[in-house]
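Subject: Structure for you to look at

Hello,

Here is the structure you asked to see. Please keep it open while you read the notes below.

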Amino acid sequence: MRFHSLKSYPQLKFDSIAIPFIFEDVSAAIQVWCARINGFKKTVEEEIEIISNQSKDKYISKLTRERLKSSLKLKRQYIKQITDHLKCFDKYAAEQYVYSGNKVAKNQGVDSYINNIFRDWCWNNGENEELLESISYVVEDDYHAGLTLTLGAGASRCSYDFHQKYEAKHSVLLDINPVLLGCAAKIINGETVTLNEFPLAPLKMQDFSVEQECKVDNITQQEFSFILSDALNAPLTEKTFDTVLTPWVIDIIPMDFKEFILQVNRLLKVGRLWVNTGSLAFLHSKQQWNYSQEEVVDLLKKYGFDDIQVNRSKINYLNSPHSAHGRIENVFSFSAKKKFDSLPLRKFNYLPDWINDHSTSIPNQDELMVHSSKHLLQAQVLSAIDGERSIIKIAKLLAKQYDMSEDSAIAAVRQILIDNL
Ligand SMILES: C[S@@+](CC[C@H](N)C(=O)[O-])C[C@H]1O[C@@H](n2cnc3c(N)ncnc32)[C@H](O)[C@@H]1O
């Protein structure tokens, strides 16, 4: 495998499996994950404390007490399962760091997308097969995937199935999240991962918290490697891969899809295939980045791809057998052949230049303005609480200052108080 000087990066060990941790600023990325592991522990510990206090209420029924007891047990186990899995970070926990140009996006937490692990390796409810079928509408059955890279592989079942169906020579699975990718690596290497699931809308009493065993049913010896890294600045050599796969990822990254096309283009060999599937629900604050299906195809053509096949198909999505909640998604799949090398890449920066260069002016940004007005109002409401004032009294103070009607001020104060309860 051709990486930029792989030796200079740490290898994180998930049991016996070592995964290279390839970030531009390794120590910043490690420290972000250490902080997120602490945050994860604190959050679940707080939940445990709340449940534990409530379970002491003498008026609750026997059944309720039993349910809370079981939740407590499985939540405690859950902390241990996740922190044991991530113990490779322990030795870095006390190090100090300063943010450089990059960071790990704030919406990527320790247990983000955790249900993907159950869907991929445990529920066995047909969803993985449906996803592979959606790909089969845009990739010929006799396609040979060759050296394949998945960006945002997550728990990696889609990459695993794709590897088998299209007889990949070797698959490189890249993701930013050490829980998902570490679990995937263990499972694909034949281990069983025990992990507790907490379904969104439990069907029955025993579905509130469920100990799950995640594993591959028919393990076959295959060629896989794993990389913990950022797909937006993937430190891999250009024109290395025969196939790049992007399942459920293009619309969740904080990058303009146009720029992401250049990243994929850089990694692919000319004449080879980019295969995508998943949702197309961009949620950028910049509206011009929230592309339609037609714009996606148009951009692909503009930035070096042709022979573009597209398909929409309805599939089940995250329907846990233990939950009343689940979705149907009309997934957008495409395959696109790289025709030519597109423009040279700019490095992707999560942080704007004015954060790193302290002498640069901070531009007037709508988002910051909106946040600051929210914070200001919130601070005013909260500081007006003196043990005597009611919602109406606080609203009257604000209504005068902001020239609002009293009714809208009451609604705003009420909402702020609810948000802070
Ligand atoms: C919706 S999940 C999809 C996971 C997997 N592809 C699947 O089909 O289940 C999105 C994945 O993208 C990963 N991800 C998000 N931002 C990333 C980044 N900058 N670099 C690499 N992976 C990223 C997340 O950790 C997560 O595994």
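In helix α6, the buried residues are Pro178, Val179, Leu180, Leu181, Gly182, Cys183, Ala184, Ala185, Lys186, Ile187 and Ile188. "Buried" is used for a residue with 20 or more other C-beta atoms within 10 Å of its own, "exposed" for one with 12 or fewer, and "partly exposed" for anything in between, with C-beta atoms placed from the backbone. Helices (H or I, at least four residues) and strands (E, at least two) are DSSP runs, numbered from the N terminus. Just after α6 comes Gly190, with a positive phi of about 100°.

Two remarks on the source. This is a predicted model, in which local features need pLDDT of at least 70 and side-chain atom pairs count only at pLDDT 80 or more, while totals for chains, interfaces and linings use all residues. Residues are numbered from 1 along each chain as its sequence is written.

Helix α7

Helix α7 (residues 257-267) has nine of its 11 residues buried, so it is largely enclosed by the rest of the structure. The buried ones include Phe257, Phe260, Ile261 and Leu262. Against what do the buried residues of α7 pack? They pack against β3, β8, β9 (268-277), α8 (293-302) and β11 (327-338); here a contact means that the C-beta atoms of two residues, placed from the backbone, lie within 7 Å.

The sheet

Nine strands make up an open sheet with mixed pairing, in the order β1-β2-β7-β4-β3-β8-β9-β11-β10. β1 and β10 (305-317) are at the edges with a single partner strand each, so one side of each has no neighbour in the sheet. On average, neighbouring strands of this sheet are turned by 20° against each other, direction ignored. Two strands count as paired if DSSP finds at least two bridges between them. Strands of a sheet pair through backbone hydrogen bonds, either parallel or antiparallel.

Both senses can be seen here. Strand β1 (residues 11-14) and strand β2 (residues 17-22) pair in the antiparallel sense over four bridges, and Leu12 stands opposite Ile19 in β2. β1 and β2 form a hairpin with two residues between them, and Asp15 in the turn has a positive phi of about 55°. Strand β3 (residues 147-151) and strand β8 (residues 241-247) pair in the parallel sense over three bridges, with Thr148 opposite Thr243 in β8.

In a regular strand the side chains alternate between the two faces of the sheet. In β1, Leu12 and Phe14 are on the covered face, whereas Gln11 and Lys13 are on the uncovered one.

Helices α11 and α12

The axes of α11 (residues 391-402) and α12 (residues 406-419) come within 8 Å and cross at roughly 120°. Axes are lines fitted to C-alpha atoms, for helices over the stretch in contact, and angles run from 0 to 180 degrees between N-to-C directions. The residues of the contact include Ile391, Ile394 and Leu398 of α11, and Ala409, Ile410 and Val413 of α12. By class, the contact of α11 with α12 has nine nonpolar, no polar and three charged residues. Ala, Val, Leu, Ile, Met, Phe, Trp, Tyr, Cys and Pro count as nonpolar, Asp, Glu, Lys and Arg as charged, and the others, Gly among them, as polar.

The ligand

The ligand is surrounded by 20 residues, and the closest are Gly152, Gly154, Asn177, Ala231 and Pro247. A residue is near a molecule if its C-beta atom, placed from the backbone, lies within 6 Å of it. The shell around the ligand consists of 13 nonpolar, five polar and two charged residues.

Some single residues

- Arg389 lies in the loop between α10 (366-383) and α11, and counts as partly exposed because it has 14 C-beta neighbours inside 10 Å.
- Met205 lies in the loop between β5 (193-197) and β6 (210-214). Met205 and Leu63 are 142 residues apart in sequence and 8.8 Å apart in space, C-alpha to C-alpha.
- Asn124 has a positive phi of about 55° although it is not a glycine. With 12 C-beta neighbours inside 10 Å, Asn124 counts as exposed.
- Asp307, found in strand β10, has a positive phi of about 50° and is not a glycine either.

Regards
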